[in-house]
Amino acid sequence: MISENQLGTVWAPRLLSVLRIMAALLFMAHGTMKLFGFPDSGRPGPELFSLMGFAGTLEIVGGALLVIGLFTRPVAFILSGMMAVAYFMAHAPQGFHPIQNGGESAILFCFVFLYLVAAGAGSWSVDAARRQAS
C-alpha cells in the first residue's frame with residue numbers, strides 16, 4: 001500500500017511528468033493539424049508566415065520541448081500566454097461560455113501550462129537530469 005507521504009514525495013513528481021508529456025503530445029497534435037494537415041482537418045495547411053502558421057510552429061516546437069522537459073518553465077509560460085490570446089481572439093467572440101464557443105481546450109491548455117511554470121517539469125525530464133548533473 002502506498003502511503004500518503006510516498007504519494008506526495010515519490011509519485012507526485014512522476015505524475016507531474018506524465019501530465020506534462022500527455023498535455024504536450026495533445027498540444028502538438030494541434031500544431032501538426034495546422035501545419036501538415038495531420039490528422040486530416042479538411043483544410044489546407046496555413047502559410048508558414050501567417051498567424052496560424054506561427055501558432056502551429058509554436059505548438060509543435062513548444063510541445064516537443066515540453067515532451068522532453070527541456071526549458072519547461074519558460075516554454076510553458078510562452079505557451080500559456082499563447083493559449084490565453086488564442087482563447088480571446090478565436091473563441092471568446094463566438095460567445096461567453098467556453099463549452100459553447102469551443103474554447104475549453106484552449107483554457108485547459110492555458111492553465112495546465114501555467115501550472116507547469118510554477119511546478120516545473122517533474123522528475124522524468126531533461127531539466128531534472130541537467131539539475132542532477134550540476
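I call a residue buried under 20% relative accessible area, exposed over 50% and partly exposed in between, using a 1.4 Å probe and protein chains only. This is a predicted model, in which local features need pLDDT of at least 70 and side-chain atom pairs count only at pLDDT 80 or more, while totals for chains, interfaces and linings use all residues. Residues are numbered from 1 along each chain as its sequence is written, and side-chain values use heavy atoms, with hydrogens and water left out.

**Entry: the whole chain**

I began with the overall layout. The protein chain holds six helices and zero strands; I take helices (H or I, at least four residues) and strands (E, at least two) from DSSP runs, numbered from the N terminus. Read from the N terminus, the order is α-α-α-α-α-α. The C-alpha atoms fill a box of roughly 50 × 35 × 25 Å along the principal axes. Of the 134 residues, 33% are buried. I then looked at contacts, meaning heavy atoms within 4.5 Å. Among those with a separation of 6 or more, 64% join residues 24 or more positions apart.

**Entry: α1 with α2**

Next I turned to helix packing. My axes are lines fitted to C-alpha atoms, for helices over the stretch in contact, and the angles run from 0 to 180 degrees between N-to-C directions. How far apart are the axes of α1 and α2? I found 7 Å, with a packing angle of about 150°. That makes α1 roughly antiparallel to α2, on a scale where angles under 35 degrees are roughly parallel, over 145 roughly antiparallel, 65 to 115 roughly perpendicular and the rest oblique. I noted that α1 passes α2 in a left-handed crossing; the term means that the near helix is turned anticlockwise from the far one by less than a right angle, and clockwise would be right-handed. The residues of this contact of α1 with α2 divide into 15 nonpolar, seven polar and three charged. In that count Ala, Val, Leu, Ile, Met, Phe, Trp, Tyr, Cys and Pro are nonpolar, Asp, Glu, Lys and Arg are charged, and the others, Gly among them, are polar.

**Entry: the loop from α1 to α2**

I stayed here for two residues. Gly 45 is in the loop between α1 and α2 and is partly exposed at 40% relative accessible area. Leaving out residues up to four places away in sequence, Gly 45 touches Lys 34 and Leu 35. From Gly 45 to Leu 35 I read 5.0 Å, C-alpha to C-alpha, across ten residues of sequence.

**Entry: α1 with α5**

Helix α1 (residues 4–36) also packs on α5, at about 140° and with the axes 11 Å apart. The two helices, α1 and α5, are therefore oblique to each other, and α1 passes α5 in a left-handed crossing. On the α1 side I listed Leu 16, Leu 19, Arg 20, Ala 23, Leu 26, Phe 27 and His 30, which meet Phe 109, Val 112, Phe 113, Tyr 115, Leu 116 and Ala 119 in α5. By class, this contact of α1 with α5 has eleven nonpolar, one polar and one charged residues.

**Entry: α2 with α3**

The axes of α2 and α3 come within 10 Å and cross at roughly 145°, and the crossing of α2 and α3 is left-handed. The α2 residues here include Leu 51, Ala 55 and Leu 58, and the α3 residues include Val 75, Leu 79 and Met 82. I sorted the contact of α2 with α3 into ten nonpolar, three polar and one charged residues.

Phe 71 sits in the loop between α2 and α3. Phe 71 is partly exposed, at 42% relative accessibility.

**Entry: Ser 125**

Last, I checked the loop between α5 (104–119) and α6 (126–133), where Ser 125 is found. Is Ser 125 buried or exposed? Ser 125 counts as buried because its relative accessibility is 9%. Which backbone oxygen does its side chain reach? The side chain of Ser 125 reaches that of Gly 122, at 3.1 Å. A polar atom of the Ser 125 side chain also lies 3.0 Å from the backbone nitrogen of Ala 128. Leaving out residues up to four places away in sequence, Ser 125 touches Arg 20, Ile 68 and Gly 69.

Note on methods
A polar contact is a pair of N or O atoms within 3.5 Å; within protein, one must be able to donate a hydrogen and the other to accept it, and residues adjacent in sequence count only if both atoms are side-chain atoms.
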